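This report was prepared to accompany the sequence and the three-dimensional model. Please consult both while reading.

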Amino acid sequence: MVIKMIDWVTMTARCTHDPEKLSSGRVFSMLPDGHIDWHVDKALTVEGSHSSNIQIKSIDDGLIWISGNPAKFLQGHNIFGTDDLSYLVGRFFDALLKIDSLGLSPTADEYQNIQEGLYTLTRVDINQSWHLKDKASVLSWIRSAAQCAHLKRRGAGQFTSDTLYFGKHSRRWAVKCYSKGHELTAKGHKLAPNLQIPELLEWADKSLRIEMVIRSMALKELHLDTAKVWTKDTSKMLLCSHVLSNLELSDNMPIPDDVLNSLPMRLKGFYALWLSGEDLRAQMTKATFYRYRTAFLPYGIDIGLVQESSKSNVVPLVRYLEAIPASIPDWAYEKGLVA
């Protein structure tokens, strides 16, 4: 089973609480005459399992704002998780209720509403992981896709620090492609010592993650700003309709290492010339060119499409649609790594 994961949630919900307990201080703006123009309470940071934090604050006496990664708060990691939004937030809210210092005391109706998804969503991040050979293959894919990939309605990607973004600053929705294993080496993303499990790290190293960030404007336009309307298929629908079906890769992308190694010696030299931007049609007779073109086509290469010379340093990669959709392994449940 392929898992689409809910990776971040920002929401507001009705819940009786003590506003003073959900503030970590206030920010003031003071007029020249000394009067206070406005002030706002700072969100309180709450530590979950393995130091995974979320933020919470009071909007008014009956409304709270919460933002963070529920899966990571519960599991200590977000390498994989669930795409059932209501279930995830319900478990997450139950965990918050166990923290007495927060002063959350929902009425029976308020609690039931949250469990049923009757709260407002202002941001939801969803993702899917695809397994490649190893971390190096994932990073190679991303670097190559930065030169060859286009997303409909978002255009070419923006490559920054080994992450490929589409619509990075959009007010509606954006996409990013990155190596989950590489992310775990960055400051603030490292796993807690007790989660440094070889199987978990290997799973992450193979993972090419494609993530969609859906902001408030898009949630409203899609009528998905209330969690109750989300089903287990909503994440799949969003990823397929906005990302997976619209991600276009150049037909001239280099082939995988294993396929390259399987090329007959008589083809490898011509492949290197084609990859460097040479027009093989101009170097052969018409009959010879078409004979070699026919020989290359079974490997996914059309030497009739001349490579741009600027792409001569593109590294071999596994095409996106040839990657293996990753599912949660059985050992993850056995080791208690899934909320």
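## Basis of the model

The model is predicted, with local features requiring pLDDT of at least 70 and side-chain atom pairs pLDDT 80 or more, whereas totals for chains, interfaces and linings use all residues. Residues are numbered from 1 along each chain as its sequence is written, and side-chain values rest on heavy atoms, without hydrogens or water.

## Overall architecture

The protein has 12 helices and 14 strands, taken as DSSP runs (helices H or I, at least four residues; strands E, at least two) numbered from the N terminus. Of its 339 residues, 46% are buried, meaning under 20% relative accessible area with a 1.4 Å probe, protein chains only.

## Helix α4

Helix α4 covers residues 135-148.

Because 10 of the 14 residues are buried, α4 is largely enclosed by the rest of the structure. Among these buried residues are Trp141, Ile142 and Cys148. At the N-terminal end, Asp134 caps α4, with a side-chain oxygen 3.3 Å from the backbone nitrogen of Ala136.

## Trp230

Trp230 lies in the loop between α7 (216-221) and α8 (234-244) and is buried, with a relative accessible area of 6%. A polar atom of its side chain lies 2.9 Å from the backbone oxygen of Leu224.

Leu85 is 145 residues from Trp230 in sequence, yet their C-alpha atoms are 6.9 Å apart. Residues that Trp230 touches include Leu85, Leu121, Ile214 and Leu238, a contact being heavy atoms within 4.5 Å.

Terms used. Expected span 1.5 Å × (residues − 1). Buried < 20%, exposed > 50% of the residue type's maximum accessible area, 1.4 Å probe, protein only. Polar contact = N/O pair within 3.5 Å; in protein donor to acceptor, adjacent residues only side chain to side chain. Lists of a residue's contacts leave out its neighbours within four places in sequence.
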